[in-house]
Amino acid sequence: MEFSSGGGGGDHQDASDPHRRKKRYHRHTAHQIQRLEAMFKECPHPDEKTRNLLSRELGLHPRQIKFWFQNRRTQMKAQHERADNSALRAENDKIRCENIAIREALKNVICPSCGGPPVSEDSYFDEQKLRMENAQLKEELDRVSSIAAKYIGRPISQLPPVQPIHVSSLDLSMASFGGHGIPGPSLDLDLLPGSSSSVIPNLAFPSTSILDMDKSLMADIAANAMDELIRLLQSNEPLWMKSAGDGREILNLESYDRIFPRPNSHLKNPSIHIEASRDSGVVIINSLELVDMFLDASKWVELFRTIVARARTVEVISSGVLGSQSGTLQLMYEELQVLSGLVPTRQLYFLRFCQQIEQGSWAIVDVSYDVPHQGSHFSSLFKAHRLPSGCLIQEMPNGYSKVTWVEHWEVEDKAPIHQLYRDLIHSGLAFGAERWLSTLQRMSERFACLVVTANSTRDLGGVIPSLEGKRSMMKLAQRMVNNFCSSINPSSGQQWTTLSGLNEFEVRATVHRSIDPGQPNGLVLSAAATIWLPVPPQNVFNFFRDERTRPQWDVLSNQNPVQEVAHIANGSHPGNCISVLRALNTSQNNMLILQESCIDSSGSLVVYCPVDLPAINLAMSGEDPSYIPLLPSGFTISPDGRPDHLQAGAGDRASTSTNLDRSSGSLITVVFQILVSNLPSARMTPESITTIELNGGRAGEANAYHPLLVGEFECSSSIAEAVLMLHAYAPAPATAASVAAAAVTL
């Protein structure tokens with residue numbers, strides 16, 4: 001290594017002088033180079049202190065040391081690049097030679113049988129696969145045709161064409177074995193075109209492919225939303241502040257507008273309100289599984305069944321990089337619900353973008369996206385716009401995940417919110433971060449109980465013999481809860497009819513023909529009503545889920561004691577459980593009650609359904625419970641969103657941090673589903689429902705007010721009376737008029 005010592009020539013020598021004195025260079029000694037090379041191996045980037053020590057040790061100027069290390073690093077980089085280029089060039093030449101050799105070999109290949117070009121191996125296997133599928137489909141068709149001919153007296157080919165229904169071949173084959181009078185699903189061959197029950201909701205999704213220009217715009221919107229979400233997740237005061245009432249984290253709108261200015265802001269519109277909240281907690285699912293669930297629409301609905309009524313991935317804009325979910329961008333559609341028919345669903349298209357922030361840390365952002373000509377089917381009562389919202393998922397050493405959730409909505413109310421839910425909606429609790437996170441925590445505990453290898457059931461008498469039986473029962477109960485949640489906000493093919501009930505609250509009813517293999521076939525009447533009680537939600541939940549108080553309101557028990565014959569815990573809270581109940585001293589010894597209760601800080605559910613003994617035994621033995629018919633009823637209980645000081649006498653109770661204990665009252669939605677008729681020709685029109693309303697009003701006047709004691713409060717309510725009367729009218733073949741008349745007496 002050489003260094004210029006700076007030879008200074010005289011002024012009489014200029015640039016044109018050929019005899020100009022050459023620069024002198026200093027060449028390092030072998031000892032100096034050896035010492036510098038040893039230091040370079042230890043530290044290629046020495047600091048100033050190290051360079052000064054080397055200069056004193058080797059007798060060199062510090063600048064000489066600095067320049068030597070710079071030159072050595074440049075030399076090493078060039079050597080590595082030359083080596084990489086040589087290796088890549090050799091690999092490229094090798095692949096090119098192999099490619100040429102394969103092309104030449106393919107030109108000369110002939111079939112040994114016929115002497116012609118050979119048939120590719122893929123084509124052969126594709127043909128064999130098609131032959132096998134055709135044989136299976138033909139066998140399936142023959143079996144269905146024979147069953148059809150047996151029950152309707154003519155071949156299925158002579159029936160009018162049925163509108164296509166998206167079910168798998170397994171669903172069709174399993175549903176074919178039911179028969180009239182036999183408990184279980186049956187293939188309803190009388191559901192022909194024109195029947196109201198055959199209407200399947202067809203949501204308006206973009207039918208044409210998205211242009212590249214639109215995809216680029218979507219990517220920009222998603223990237224900007226991700227940047228905003230990360231700042232919202234990582235910032236604290238003054239952007240976020242604690243609510244004075246309940247200590248929740250809420251957004252400081254003034255600070256937000258300064259940090260994220262938006263053109264044409266609609267905040268000045270008096271009909272617009274903002275909902276923004278943040279919450280964090282630990283979830284007992286690892287980060288990769290959570291990311292996978294969030295990016296799969298069906299898993300997303302299953303995870304948040306009490307919040308997401310329906311969801312679908314419209315199109316995958318990008319599918320991530322290098323086999324990872326990072327970079328995945330999807331256009332999705334979903335309907336979000338409060339479990340009451342008094343609150344319309346929030347329907348929206350949105351972009352979901354996933355990005356890995358660092359190792360074990362993922363961010364998922366949702367932001368509304370306006371799809372042209374696709375908003376006509378949305379509710380006209382309000383317009384909901386989701387500003388950048390989502391969550392940060394951080395992997396923990398024990399396999400759990402820390403989740404920080406942000407929800408940010410801009411909602412324009414085109415019609416007044418129902419007075420019962422006005423406080424809950426405006427407080428941000430109905431669709432806020434706390435509800436999403438508490439639901440996620442509760443469902444993660446349920447999934448953990450489903451996959452645990454140890455049998456943790458409290459089985460009173462060895463009813464559930466195996467771990468498979470426990471899992472089958474949990475799947476059956478989950479399907480029951482899913483059906484119950486779907487019945488509260490039915491699809492666009494079903495319309496609620498409002499009946500003018502008693503006690504100054506309304507009863508809503510809807511009628512539909514059930515064709516789901518997991519529900520009884522026939523005409524189903526659903527009735528729902530929501531009331532407010534000045535009772536803490538925890539007290540209401542304990543009253544309805546406890547088998548000791550069940551005889552006070554459930555007619556299936558005939559006011560006799562109820563015994564819990566099986567119990568499956570599916571969460572850390574004792575209220576999160578599945579129970580199999582049996583009423584003592586009744587004539588219905590062949591009927592049990594399947595019940596699931598679940599509770600978190602955002603609310604609670606008590607869902608139940610009568611199931612006959614053979615079906616329960618089938619599930620407890622570990623068999624597939626998918627086709628056990630269920631028609632669930634139950635209660636949803638949520639806080640009313642009002643401040644706690646409005647409740648008298650609340651100070652003598654133990655206070656906790658949950659909304660259930662902070663709330664001054666409860667919003668209770670009662671939902672009952674009844675099989676009115678299993679006859680194919682049964683119909684119910686709006687005129688008949690109006691007649692039911694009038695008859696039911698007269699029938700219920702005598703028992704309009706029935707005192708119900710819940711906890712410490714005696715409330716003027718007819719819930720117990722309604723439950724008794726609805727069950728009293730339920731046994732088939734009850735008339736539609738009598739069943740709906742009972743519903744009106746709510």
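Reply: What follows is a close look at one residue, and then a walk through some other spots in the chain.

First, some housekeeping: the model is predicted, so local features need a pLDDT of at least 70 and side-chain atom pairs count only at pLDDT 80 or more, while totals for chains, interfaces and linings use all residues. Residues are numbered from 1 along each chain as its sequence is written, and side-chain values use heavy atoms, with hydrogens and water left out.

Here's the overall picture. The protein has 746 residues, and 45% of them count as buried. Buried means under 20% relative accessible area, exposed means over 50%, and partly exposed is in between, using a 1.4 Å probe and protein chains only. The secondary structure comes to 18 helices and 23 strands. Both are DSSP runs numbered from the N terminus: helices are H or I with at least four residues, strands are E with at least two. Contact here means heavy atoms within 4.5 Å. Of the contacts in the protein with a separation of 6 or more, 66% are between residues 24 or more positions apart.

Now for the close look, at Glu407. You'll find Glu407 in strand S12, residues 401–413. Its relative accessibility is 1%, so Glu407 counts as buried. What do the side chains of Arg386 and Trp409 have to do with it? Each makes a polar contact with the side chain of Glu407, at 2.6 Å for Arg386 and 2.8 Å for Trp409. A polar contact is a pair of N or O atoms within 3.5 Å; within protein, one must be able to donate a hydrogen and the other to accept it, and residues adjacent in sequence count only if both atoms are side-chain atoms. Leaving out residues up to four places away in sequence, Glu407 touches Glu275, Ala276, Ser277, Arg386, Ser389, Phe431, Gly432, Ala433 and Trp436.

One of those neighbours, Ala433, takes us to helix H11, which covers residues 433–451. H11 packs against helix H12 (residues 467–488) at an angle of about 150 degrees, with the axes 9 Å apart. Axes are lines fitted to C-alpha atoms, for helices over the stretch in contact, and angles run from 0 to 180 degrees between N-to-C directions. That angle makes H11 roughly antiparallel to H12; the cut-offs are under 35 degrees for roughly parallel, over 145 for roughly antiparallel, 65 to 115 for roughly perpendicular, and oblique for the rest. On the H11 side the contact is made by Met443, Arg446, Cys449, Leu450 and Val451, and on the H12 side by Lys470, Arg471, Met474, Ala477 and Gln478. Sorted by class, the contact has six nonpolar, one polar and three charged residues. Ala, Val, Leu, Ile, Met, Phe, Trp, Tyr, Cys and Pro count as nonpolar, Asp, Glu, Lys and Arg as charged, and the others, Gly among them, as polar.

Asn286 caps the N-terminal end of H8, with a side-chain oxygen 3.2 Å from the backbone nitrogen of Leu288.

Next come two strands. Thr328 sits in strand S7, residues 328–336, and is buried at a relative accessible area of 3%. Its side chain reaches the backbone oxygen of Gln325 at 2.8 Å. Setting aside neighbours within four places in sequence, the contacts of Thr328 include Leu295, Ser318 and Ser319. Apart from neighbours within four places, Ala309 is in contact with Glu335 and Gln337.

To finish, here's a backbone detail. The peptide bond from Glu237 to Pro238 is cis, with omega near 5 degrees, and Pro238 lies in the loop between helix H6 (212–234) and strand S3 (240–242).
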